[in-house]
Amino acid sequence: MKKIGIIGGGFAGTMTAIQLIEKVATPCEIILINKTATLNKGLAYSPYSDRHLLNVITSKMSAFPDKPSHFLDWVMSQKRFKEKDPKRVANSFLPRQLYGDYLQDIWEAAINLAATKQLKLTVIEGFVIDIEVSENIISILLENELKLDVNYCLIATGNHNPRNPTIKNMDFYKSPNYFQNPWLVESVTNTKENLPVLIIGNGLTMVDTVFGLLENGFKGEIYSISPNGLNILPHGENVQAYSKLVDELDADLSLYELLKLVSKHIKLAKNFGISAEPIIDSLRPLTQKIWKALSEKEKTLFMSRLRHLWGMARHRIPLSSHNKIHQLRMQGELHINSGKLIDFIENNDFINVEYFDKNLRTLKTLKVSRIINCTGPETDLMQLETSFLKNCLLNGILVQDHLKLGIKTDTTTFQLLNSEGKNHSNLFTLGSNLKGELWESTAVNELRVQAEKLAENILKMHDHLYPSH
Ligand SMILES: Cc1cc2nc3c(=O)[nH]c(=O)nc-3n(C[C@H](O)[C@H](O)[C@H](O)COP(=O)(O)OP(=O)(O)OC[C@H]3O[C@@H](n4cnc5c(N)ncnc54)[C@H](O)[C@@H]3O)c2cc1C
């Protein structure tokens with residue numbers, strides 16, 4: 001019986017397992033390994049607060065590429081939504097916790113389906129510390145010394161903790177008042193009232209963390225520092241789709257030509273009183289193709305000059321959240337600064353934060369009680385303290401792309417490339433590990449398609465190798 005091991009049971013790992021369960025026609029064992037009890041939901045859909053909202057509207061969050069209204073239909077079938085207007089629900093940003101419940105429901109349905117097939121489904125709560133790869137077998141080693149041999153192994157490890165920013169005193173990061181993982185509830189509970197909190201970073205996680213602090217009774221001031229200051233935009237309501245830019249897109253455009261074209265359309269739209277939002281959104285289905293066509297030099301240029309602008313246009317928040325952030329700023333409860341961190345020095349009573357304020361062009365200090373890192377997931381495997389992926393990189397099982405955004409992978413088969421540039425026959429990945437290859441490879445929108453294709457691919461490969469099954 002073929003064994004398929006999946007490391008990571010967040011959205012990507014779970015949905016690949018579900019696609020395998022649905023499509024498999026021959027006897028097989030699927031082993032899903034997840035390090036925490038957040039099976040099926042992963043980091044994004046097991047938040048500590050129901051004020052943490054999806055950043056995509058309900059009608060676009062189906063877990064299945066071929067059933068676009070699946071999430072909306074599920075929501076409307078829930079008791080508390082029965083009386084609601086489906087059109088309004090379709091266009092609203094629902095709590096991420098609710099999406100976690102949806103994934104849980106889909107998973108339970110898949111378990112029932114598996115029981116009707118010649119399928120063994122094994123779920124292991126454990127932490128993978130290494131893998132050994134040979135031609136036919138991959139051995140997965142867990143922290144509790146369990147060793148599992150599988151025929152195919154899928155790495156669906158998702159998002160890593162943020163990197164510790166460089167400061168003079170890197171030892172500070174051992175402090176119990178530093179929270180490297182902003183997605184844990186501990187980062188916003190048991191705060192001291194008399195001193196402010198510092199959030200490093202000004203993106204979507206900063207917004208979630210501000211709401212988390214308030215919800216948990218924090219009444220002090222909140223500061224946030226990032227290189228560019230506040231640049232979060234809200235999602236507009238009932239924004240019309242814009243198709244003119246895509247009509248003019250040519251496959252061979254250079255980064256410079258592409259920029260010129262986008263600027264032209266932003267100006268054109270402005271004349272009609274339309275914002276840049278639908279123009280950037282119109283590029284979304286083509287982003288992976290555009291990224292793949294760029295040269296390494298252009299990708300490097302994009303990362304150094306345009307990444308920030310792209311992130312701002314792409315990662316918007318619901319209007320209600322945006323309004324709340326502005327209200328807090330006007331009330332003097334939230335201070336958002338553009339600056340460069342220099343040092344954190346802790347004594348018994350407080351942490352002294354030294355930074356260079358970019359707007360005031362001067363060195364500033366702040367006294368805070370805790371520091372929460374909201375700079376976004378680390379992508380460079382060498383920066384991770386411990387990870388089996390780092391081991392794999394060091395022993396040549398995998399290689400990173402030149403920008404260290406992810407793992408080099410054949411994106412048609414999802415097979416990892418080894419240090420000699422050859423495809424592994426039995427080792428696969430998807431999701432954020434493909435960021436270097438595809439740039440956009442983290443949202444449900446992309447992951448649901450990858451999960452389906454990857455499941456089909458593994459099953460096809462197996463049937464080709466063992467036609468007698
Ligand atoms: C806070 C947040 C909010 C988001 N909101 C949205 C949204 O609204 N809409 C949207 O489309 N996308 C959103 N995203 C993007 C999100 O990354 C994807 O939608 C999706 O959840 C990613 O799933 P994943 O399985 O790749 O990763 P993850 O959710 O990170 O899951 C990976 C899993 O692997 C496990 N794991 C990792 N290493 C090991 C190991 N060594 N051994 C065993 N298990 C391991 C982890 O415990 C985890 O459960 C959000 C992301 C974040 C971080």
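How much space lies in the second largest pocket? I found about 580 Å³ there. This is a predicted model, so local features need pLDDT of at least 70 and side-chain atom pairs count only at pLDDT 80 or more, while totals for chains, interfaces and linings use all residues. Residues are numbered from 1 along each chain as its sequence is written, and side-chain values use heavy atoms, with hydrogens and water left out.

For the record, a pocket is an open set of points on a 1 Å grid over the protein atoms alone, where a 1.4 Å probe fits, with protein on both sides within 12 Å along at least five of seven lines; lining residues have an atom within 4 Å of a point. The volume is the space filled by probe spheres set on the points, which are joined across faces, edges and corners.

I then checked the lining: of its 25 residues, Val262, Ile280, Leu283, Trp310 and Ala313 are the closest to the pocket's centre. Helices H7 (255-271), H8 (277-283), H9 (287-293) and H10 (296-314) each give two or more residues; helices are DSSP runs of H or I with at least four residues, strands are E runs of at least two, numbered from the N terminus.

Next I looked at Ile140, which sits in strand S5 (residues 138-142). Is Ile140 buried or exposed? Ile140 counts as buried because its relative accessibility is 0% (buried is under 20% relative accessible area, exposed over 50%, partly exposed in between, with a 1.4 Å probe and protein chains only). I also noted that Ile140 and Ile7 lie 133 residues apart in sequence but 8.8 Å apart in space, C-alpha to C-alpha.
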